[in-house]
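Visitor: I'm new to this one. Can you walk me through it?
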2 protein chains.
Amino acid sequence: MGLFTKDIKTMDDLFVHQLQDIYYAEKQLVKALPKMADKATDPMLKQAFLTHLEETRVHVQRLEQVFEMHGAEVKAVDCPAIDGIIQEADETAGEVDDKAVLDAALINAAQAAEHYEIVRYGSLIAWARQLGRNDCAAVLQKTLDEEKTTDKKLTSLAEGRINMRAAS
Amino acid sequence: MGLFTKDIKTMDDLFVHQLQDIYYAEKQLVKALPKMADKATDPMLKQAFLTHLEETRVHVQRLEQVFEMHGAEVKAVDCPAIDGIIQEADETAGEVDDKAVLDAALINAAQAAEHYEIVRYGSLIAWARQLGRNDCAAVLQKTLDEEKTTDKKLTSLAEGRINMRAAS
C-alpha cells in the first residue's frame, strides 16, 4: 500500500488509497502485457494477452473516471505486490527454454496478476457501496467482470491446450 | 519465481520450481499471520487469522510431503510476489489509525495472499495431474480447499461486520 498509509484514517481514505494502488498496478500491467504477448508462443495465448492489454487500457481510464467521480486526485502509489508478480513473470519469461513450458508459466504469472486485481476490485466495490458510492461501484464492477472473464479464459487455455502439450 | 528459473526446461522443472516458490510463501505467511492476528481488533477476525496460522503450518508440512513424494529436495526460492503482498499488509497494519478501517485493510491484505496461493496451488494441481502425479495433486488439493474456505470466511467477515462498522 505504498508510503502514504499513515494518511489512512477513514474508510474513505482507504478507498482512495486502494484506488491509487490499483491505478499503479493497472498502469504497470499496460507495460507488462505487450512483453508477455511477445514471449507467448501459443497464438491463442498471444491473442488473449493482446486482448487483455486493450481491456487494461480501458481499466486505467475507468479508474481515472472513478477518481474524478469521487472528487479525488488521480494519483498512483507504489504497489510492491504487483511489482513482485510482474518481476516473477519477467524472470520466467526470460529464462524458460521450452516454448510450451514457457506458455504454462506465463499463464500462471498472468493469473497471479488477475487474482490480485480481483481481490482489490472486490474490496473497492464493497467499500464504494458502503460509502454510498454506488455510481463508483458500478464502474468498478465492469472491470471486475472483465478480470474474472480473463482469468477463466486463461484457465481454459491452460487446461485445453498448453499444459497438455508441455507435458507430452 | 526467484533466481533459478534458468534451470526450468520441462513441466517437471516448472512444477518443482513452483513448489519451491509456494513453500517460501507459506513459510513467510507463518511469520506474518501472528502479526496480523495481533493487529486485528475484531475478535472474530483475530481468531480467523489464528485458525489460518495453524492451517498454514500444516500446508508447509504438506509441501514437504509432496517434495518427498516427488523425489525432490525440500527447498524454498524467493517469491517477490508474496513479499510484496506481505509488505503491503505490514505497512497498512502499522499505519492505519481507526480500528475498524484497520480490520478492513487487514482482510483485504489477507485475501490478496489467499488469492495468490489459490492461483499457485491451482496450477500445481493441474501440472501434477498432467505429470501423472495424482498422489501429489490429492495432497495439494486439500490445501487449496482450505485456502478457498479461508478466503470465503474473510469475505463473509468483511461484508457482515467490519466494513459496516468502519463506514458508520
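Guide: We'll go through the cavities, the core, the pockets and the aromatic pairs. Keep in mind that this is a predicted model.

Visitor: What volume does the largest cavity have?
Guide: About 120 Å³. Its lining takes in 17 residues. B:Leu33, B:Phe49, B:His52, B:Ala110 and B:Glu114 lie nearest the centre.

Visitor: Which helices supply at least two residues each to that lining of the largest cavity?
Guide: In chain B, helix H1 (11-39), helix H2 (43-69), helix H3 (80-95), helix H4 (99-130) and helix H5 (134-167) each do.

Visitor: And what's the lining of the largest cavity like by class?
Guide: Twelve residues are nonpolar, three are polar and two are charged.

Visitor: Now the second largest cavity. How much space lies in it?
Guide: About 100 Å³. This cavity has 14 lining residues. A:Leu29, A:Leu33, A:Met36, A:Ala110 and A:Ala113 are the ones nearest its centre.

Visitor: Which helix gives the largest share of that lining?
Guide: H4(A), with four residues. By class, the lining of the second largest cavity has eleven nonpolar, two polar and one charged.

Visitor: Switching to pockets. How much space lies in the largest one?
Guide: About 620 Å³. The largest pocket is lined by 27 residues. Nearest its centre are A:Ile118, B:Gln111, B:His115, B:Asp151 and B:Thr155.

Visitor: Which elements give two or more residues to that lining?
Guide: H4 and H5 of chain A, together with H4 and H5 of chain B. H4(A) gives the most, with nine residues. By class, the lining of the largest pocket has ten nonpolar, nine polar and eight charged residues.

Visitor: What about the volume of the second largest pocket?
Guide: About 410 Å³. Its lining has 21 residues, and the closest to the centre are A:Gln111, A:Thr155, A:Glu159, B:Gly122 and B:Ser123. H4(B) gives the most here, with nine residues.

Visitor: Last topic, rings. How many aromatic pairs are there over all chains?
Guide: Two. A:Tyr23 and A:Phe67 form an edge-to-face pair, 5.5 Å centre to centre, with 80° between the planes. A:Tyr23 is in helix H1 of chain A and A:Phe67 in helix H2 of chain A, 44 residues apart.

Visitor: Are A:Tyr23 and A:Phe67 buried or exposed?
Guide: Both A:Tyr23 and A:Phe67 are buried.

Visitor: Which residues form the edge-to-face pair in chain B?
Guide: B:Tyr23 and B:Phe67, at 5.5 Å centre to centre and 80° between the planes. B:Tyr23 lies in helix H1 of chain B and B:Phe67 in helix H2 of chain B, so the pair ties together parts 44 residues apart in sequence.

Visitor: Why does B:Phe67 count as buried?
Guide: Because its relative accessibility is 0%, and buried means under 20%. B:Tyr23 is buried too, with a relative accessible area of 5%.

Conventions:
Residues numbered from 1 in each chain as written. Chains lettered and ligands numbered in written order. Predicted model: local features only at pLDDT ≥ 70, side-chain atom pairs only at ≥ 80, totals over all residues. Heavy atoms only, no water. 1 Å grid on protein atoms, 1.4 Å probe; cavity = no way out; pocket = protein on both sides within 12 Å on 5 of 7 lines; lining within 4 Å. Points joined across faces, edges and corners; volume = space filled by probe spheres on them. Nonpolar A, V, L, I, M, F, W, Y, C, P; charged D, E, K, R; others polar. Phe/Tyr/Trp six-rings, centres within 6.5 Å; stacked < 30°, edge-to-face > 60°. Buried < 20%, exposed > 50% of the residue type's maximum accessible area, 1.4 Å probe, protein only.
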